[in-house]
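Visitor: I'm new to looking at protein models. Could you show me how to read one, feature by feature?

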Amino acid sequence: MNRQLRQTVIAGNWKMNMLTAEAKAFADALAPLVPDYKNWCEVVICAPFVLLPDAAKNFKGMDAGVGAQNMSEHPFGAFTGEICAAQLADIGVSHVIIGHSERREYYGENDCTVNAKVLAALSAGLKPILCVGESLKQRETGVTNDLVSMQVKAALHGVSPDSIRDVIIAYEPVWAIGTGMTATPEDAQSVCAAIRDVLKGIYGEDAAQSITIQYGGSMNDKNAFELLSQPDIDGGLIGGASLKPETFAAIINAANQ
Ligand code: PGA
């Protein structure tokens with residue numbers, strides 16, 4: 001990370017976990033564990049839709065951001081079961097995860113829908129956390145950088161130079177998500193640097209240097225410090241280890257370096 005140039009962002013992705021009371025207990029327990037976190041990073045909790053209104057209230061005291069894990073690419077309308085960006089913004093949501101590999105794999109999201117969602121989020125004032133990453137097979141075939149570059153370019157198609165500063169990119173190798181297998185700090189750094197290079201090609205050096213790029217995939221309290229000490233890794237998107245206040249707090253504290 002490079003705190004002179006860009007914001008460090010530690011985001012928890014609760015996925016389909018937690019009930020109302022657990023989420024409240026989490027918020028109550030987290031705040032005293034990280035009293036000064038604002039001095040070195042931003043914290044965002046990405047909760048299931050139904051918990052978001054409460055989360056917006058519960059995390060207000062510690063001034064943490066609250067994010068959704070998905071949203072519709074459409075504005076209001078006849079889209080049964082969907083939730084649009086304006087509805088999220090209306091209840092105090094600040095961020096939204098877009099294109100998570102579980103959405104791509106289980107719900108048929110592709111680079112086109114991901115691009116449409118990024119644009120829709122930005123136009124409602126939400127900050128997208130755009131997820132990209134390769135499968136194990138793609139890594140073994142040696143196409144990681146090409147594939148990830150293509151995902152980034154496709155997802156950002158039509159995003160203006162003004163808006164790009166509101167986008168966070170999360171590099172999440174699919175094979176590392178929820179598996180306990182983490183990319184080595186060197187491998188994660190190398191892909192994050194390649195992503196920054198793509199951003200430089202589209203938006204120029206200054207903008208590229210200002211964009212937060214997170215690593216995600218089995219980041220935990222043990223490996224966070226080393227991953228976060230890489231020059232192009234500006235934070236983490238954390239699944240399993242974000243479900244316990246103690247481990248999530250340890251990761252937030254590991255970003256204080
Ligand atoms: P994990 O999940 O930390 O449990 O691997 C990360 C993610 O899916 O964002």
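Visitor: Let's start with S218. Which backbone atom lies 2.7 Å from a polar atom of its side chain?

Guide: Look for pairs of N or O atoms within 3.5 Å. Here, the backbone oxygen of A176 is 2.7 Å from a polar atom in the side chain of S218. Keep in mind that this is a predicted model.

Visitor: Where does S218 lie?

Guide: You'll find S218 in the loop between β7 (213–216) and α10. Its phi is positive, about 55°, although S218 is not a glycine.

Visitor: And what does S218 touch?

Guide: Skip the residues up to four places away in sequence, and S218 touches A176, G178, T179, G180, M181, T182 and N223.

Visitor: Which atoms lie 2.7 Å from an oxygen atom of the ligand?

Guide: From K15, a polar side-chain atom lies 2.7 Å from a ligand oxygen. From G178, a backbone N or O atom lies 2.7 Å from an oxygen of the ligand. G240 also uses a backbone N or O atom, at 2.8 Å from a ligand oxygen.

Visitor: How much of the ligand's accessible area does the protein cover?

Guide: On its own, the ligand has 280 Å² of accessible area, and the protein covers 95% of that. As for its place, the ligand sits in the second largest pocket.

Visitor: Where does K15 lie, and what is its phi?

Guide: K15 lies in the loop between β1 and α1. Its phi is near 50°, a positive value in a residue other than glycine.

Visitor: What does the side chain of N13 reach?

Guide: It reaches the backbone nitrogen of K15, at 3.0 Å. N13 itself is found in strand β1.

Visitor: Why is N13 called buried?

Guide: Buried means under 20% relative accessible area. N13 has 5%, so N13 counts as buried. Leaving out residues up to four places away in sequence, N13 touches C46, Q69, I97, H100, L237, I238, G239 and S242.

Visitor: C46 is on that list. Is C46 buried or exposed?

Guide: C46 is buried, because its relative accessibility is 0%. C46 is found in strand β2. Its contacts beyond four places in sequence include G12, N13, W14, K15 and I129.

Visitor: Now a helix. Which residues of helix α11 are buried?

Guide: First the general idea. An α-helix has 3.6 residues a turn, so residues three or four places apart point the same way. In α11 (residues 245–254), the buried residues are P245, F248, A249, I251, I252 and A254.

Visitor: What do the buried residues of α11 pack against?

Guide: They pack against β1 (9–13), α1 (20–33), β2 (42–46), α10 (224–228) and β8 (235–238).

Definitions and conventions:
Residues numbered from 1 in each chain as written. Predicted model: local features only at pLDDT ≥ 70, side-chain atom pairs only at ≥ 80, totals over all residues. Heavy atoms only, no water. Buried < 20%, exposed > 50% of the residue type's maximum accessible area, 1.4 Å probe, protein only. Helix = DSSP H or I, 4+ residues; strand = E, 2+ residues; numbered from the N terminus. Contact = heavy atoms within 4.5 Å. Polar contact = N/O pair within 3.5 Å; in protein donor to acceptor, adjacent residues only side chain to side chain. Areas by Shrake-Rupley, 256 points an atom, 1.4 Å probe, with all protein chains shown as cover. 1 Å grid on protein atoms, 1.4 Å probe; cavity = no way out; pocket = protein on both sides within 12 Å on 5 of 7 lines; lining within 4 Å. Sits in = over half its atoms within 2 Å of the grid points.
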